[in-house]
Each structure stands twice: as structure tokens, then as C-alpha cells.
Amino acid sequence: MVRQHDSRASSSARGNGSQASTAPDRLDEAVTELRRLTQGQLFQALERLADVEDIRGASGVSVESVRRLREWSAEHLRLAAELEAAARCCRLIEQELNRQIDATLAGSRLEADTVGDHRDAPPIKSQPTSHRKKNRVTGVSGWLRLFAPHRHSAHRRPGKESAKASAATLSHPPITQSGQPLLIPGMPEADVTALILGPLELSVAGRHVVRWNSLKARAVFQYLLIHRGRPVRRDVLMDLQWPNHTYTSARNNLNVALYSLRNTLEGPWQGLQPILYQDGCYALNSELKWWIDRDEFLSALNKAHLVRSSGHPVEAISRYQNAVELYRGSLFEDDSTSDWYLAEQRHLNELYLQALESLGEIYLDLGEAASAQEFARLALAKDPCCESVHRLLMRCYASEHKQQLVSRQYSICAKALRDELGVSPGVETLRLFHDLTSA
């Protein structure tokens, strides 16, 4: 009886799907079968069979204990078959949805190509054919280039032109193309690439993860990313994501989230698991090559500080620009469901502001006041109440003998502090204002 039921459950994901001739039919059948498999009975069985204390208590040799153990064994086999069938249904649904997404994206690419062609079409019909081909925009990438700024090398020798170009580039984060990983200058090839400064962007073995099947899986992954390099206890993840659940319920939910996460991170790893479990702890597998923009951001800042302190301003500019270019936005900018990372988010925001301010100070020391002003304005756009950046702008204007702009900047600073924080400029800012205007 058990064998017959297991066989029927194992083939339920295929069922009539092999006879269906169209993708919608296969999708409908998979959804119907999945709905049947995931009714309340299945989840009740999961909850009941997850606790093995009753099985452990069935010790001793008796007819009753043997009968109970056989019933448990049959129930576990049936449940395993049902879960396998449900997993196959999920995979089939995912395949069909991916086909529909690919078809939709293909249509959007065709439409984008048409829009791009019309956008760059020459206004004069008699324009030579060769010139039209030169200006022609092809593909989604060409269409997006109409709106994306041109990036400049961070290793160019500092000067007015290069600094303004770099500042303009930093004020506009790069655009992610549909279905393609976001490119960062100098990004090496990695098994898993995670961009977490700004909206989360994940690429696994060169495959861009467009969507998450489980938001809890994403939340667990975010926590493991921030704590990469040290194990995270299972109880910590359970209390963080399911604080009001029973221990058994939280543990089951965590197992489901980790199963989804492992599927998301699935790649040609030859038996390597991206998420390791040992002694009640989880960790990212260090045998895989991970590239995380937050880690690279912190590393670039450390190198920039060392180079600057050693008296190499040109190289320091390059290092700071490398760090700033990695900062697309606040940590996990598109996640509004969690708050455990807010302290780290504020810390990284502060480091970003300091990097912009450092760039401005270095350019001012090199006599490039106009370039310094560009980076100072980027910093104030992020935090209008940063007094040290206001002081930097005041010094820039004073170096150009623009005392009127010094006074105006002080007024802007005072107004921002009054409106946002209800305070007045500090003693250092007030002293600098008097020194610059009296001179």
C-alpha cells in the first residue's frame, strides 16, 4: 500500500504533464498538483513528524512498539514521496515561468531597439546612410546608454577635467540591465557576486538572480553575508526571523528558508555546498570565491587611508574613487522588512561621506578648488547637516577669494542645522567663518 502511494506521489509531478502539448497546460497541471500536495494535511504531517521524541520513547521489544515504528516508517516514506513530488512541481513551475519571462524580455528588447532607433534617427532624411549607421542604437544596452552616464577611469591624473568627470559619474549610480548582473569597475570573476550597497544584486556563476522565491531565504542570506567569515548560530537566525514562533516551528521555517537559499545559490560547484552547517552553526562556504561590494568598499577605504597618510595624494584619490564608485546606495536599500542591519547601514553611510570629504580635501590641497567643490556637493546631497563638509566648501570659496560665497555657505549650513536638528553651527564652524570673512 505504501509502495503504491509512493509511486503515485513520485509520478504526480509528471502526471499528465508529459502528454500536454502547450506550456500553459503544463503550468496549470503543475499548479493544480502543487495545490493538492501542499494542503493542510501535508503541513500537519510535517509538524507531527518533525519531533522524534515519541520515536525515541518507543524503546523495548514488544508487538506494540514494533507496530508503532512501522507506522512511523510508512508515514515518513509517504511524506518524503509527497515532498519530492511537490519539489518537482515547483521546478516545473519555475521553468515555465522562466520561459514566459524570457519571452517577455525578448519582446521588451525588440521594443527597446525600436525606441532607440527612433531616438537616434537623424532629423534630416537626406543624411548619408553611413552616418545613420554610426549613430544607430542597437539592443537594450545601447538604448540604456542614452540615459546612463559615461564612466571614467579612476586612475586618471587629478585635474579639473578629470575630477569633474569623476564627480559627475559618482552622482549617478550605474544602471542594472534586465537579467544582467550589475557591473562594477575592476570586479573580478567570482563564483558568487553579491552587491549589497544599494539594492541587493546577486549573481551566481555568472547567472543573475532576477527574483527571490523566498523573502526569508533572502533575509537569512543577508545576515550570513554581513557575518561572513564567522559561523552564525542556528538559534540566532531563528530568533531573528521568527521571534514569536515555537522552537519547532522556527526550526522548520529556517530549514525551508535554507532549502530555498541553497537552490538559489545552486551552481557548478561539483558537490560543494554554498551554505555549510556544523555544530549548530551556519556559514558561507569559504571554498567558493565570493565577491561582496561591502567588503571591497571597506578594503579600498583602508588602502586609501594608508596611501594618503604616507604622502601620495594622487594614488589616494584613485583609491578613494574606487571606494566611492562601489557605493551605489545604503546597505540593503530595497529591504524594508528588517532593522538588524541599521547600525551597520549608518556606519557605512558615514564612511561614504568621509570618503567624499577626503577627496574634496585632497583636491583642495592640490589647488583644485573647483574639483573639491564637486565632491563636497555630493557629500551634502547625502547629508545636508555635515558641518565639516560645509567648512570644506567655505575654504574652497575663500581660496578663490569669493568671500560672498563663504558667507552664503555659512548661512546654508546654519539653516540646515536649524531646520533638521534644531541646533546652531558649532564653535569650529563659527570660528572658521569669522577667520575667512575677516581676512
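Guide: We begin with pairing: two strands pair if DSSP finds at least two bridges between them. This is a predicted model. In it, strand E1 (residues 192-195) is joined to E7 by 3 bridges, and Ala 194 has Ile 292 in E7 as its bridge partner.

Visitor: What makes E1 and E7 a pair?

Guide: The cut-off is at least two bridges. E1 and E7 have 3 bridges, so by the definition they pair. The two strands run parallel.

Visitor: Which sheet do they belong to, and in what order do its strands stand?

Guide: An open sheet of 4 strands, in the order E3-E2-E1-E7, with mixed pairing. Strand E3 (207-208) and strand E7 (290-292) are the edge strands.

Visitor: Why are E3 and E7 called edge strands?

Guide: Each of them pairs on one side only.

Visitor: What is the pairing in the sheet of E4, E6 and E5?

Guide: Antiparallel; this open sheet has 3 strands in the order E4-E6-E5. Strand E4 (232-233) and strand E5 (275-278) each have a single partner strand, so one side of each lacks a neighbour in the sheet.

Visitor: How do you know that E5 pairs with E6?

Guide: 4 bridges join E5 to strand E6 (residues 281-284). The definition asks for at least two, so E5 and E6 pair. Ile 275 stands opposite Leu 284 in E6.

Visitor: Which helices lie against this sheet?

Guide: Helix H11 (residues 247-264) packs on the sheet and touches E5 and E6, its direction making about 15° with that of E6. Helix H9 (residues 215-226) lies across E4, E5 and E6 and runs at about 75° to E6.

Visitor: Why is H16 called roughly antiparallel to H17?

Guide: Helix H16 (residues 387-399) and helix H17 (residues 403-420) pack at an angle of about 170°, and their axes are 8 Å apart. That angle makes H16 roughly antiparallel to H17, because the label applies over 145 degrees. The residues of this contact divide into 10 nonpolar, 3 polar and 2 charged. Among them are Leu 393 and Met 394 in H16, and Leu 405 and Val 406 in H17.

Visitor: What is the phi of His 401, and where is His 401 found?

Guide: His 401 has a positive phi of about 60° although it is not a glycine, and is found in the loop between H16 and H17. Most residues other than glycine have a negative phi.

Visitor: How do you know whether His 401 is buried or exposed?

Guide: Exposed means over 50% relative accessible area. His 401 has 68%, so it is exposed.

Visitor: What about Phe 332: buried or exposed?

Guide: Buried means under 20%. Phe 332 has a relative accessible area of 0%, so it is buried. Phe 332 also has a positive phi, of about 50°, and its place is in the loop between helix H13 (313-326) and helix H14 (342-365).

Visitor: How many residues has the chain, and what share counts as buried?

Guide: The chain has 439 residues, of which 41% count as buried.

Notes: Residues numbered from 1 in each chain as written. Predicted model: local features only at pLDDT ≥ 70, side-chain atom pairs only at ≥ 80, totals over all residues. Heavy atoms only, no water. Buried < 20%, exposed > 50% of the residue type's maximum accessible area, 1.4 Å probe, protein only. Axes fitted to C-alpha atoms, helices over the stretch in contact; angles between N-to-C directions. Parallel < 35°, antiparallel > 145°, perpendicular 65-115°, else oblique. Contact = heavy atoms within 4.5 Å. Nonpolar A, V, L, I, M, F, W, Y, C, P; charged D, E, K, R; others polar.
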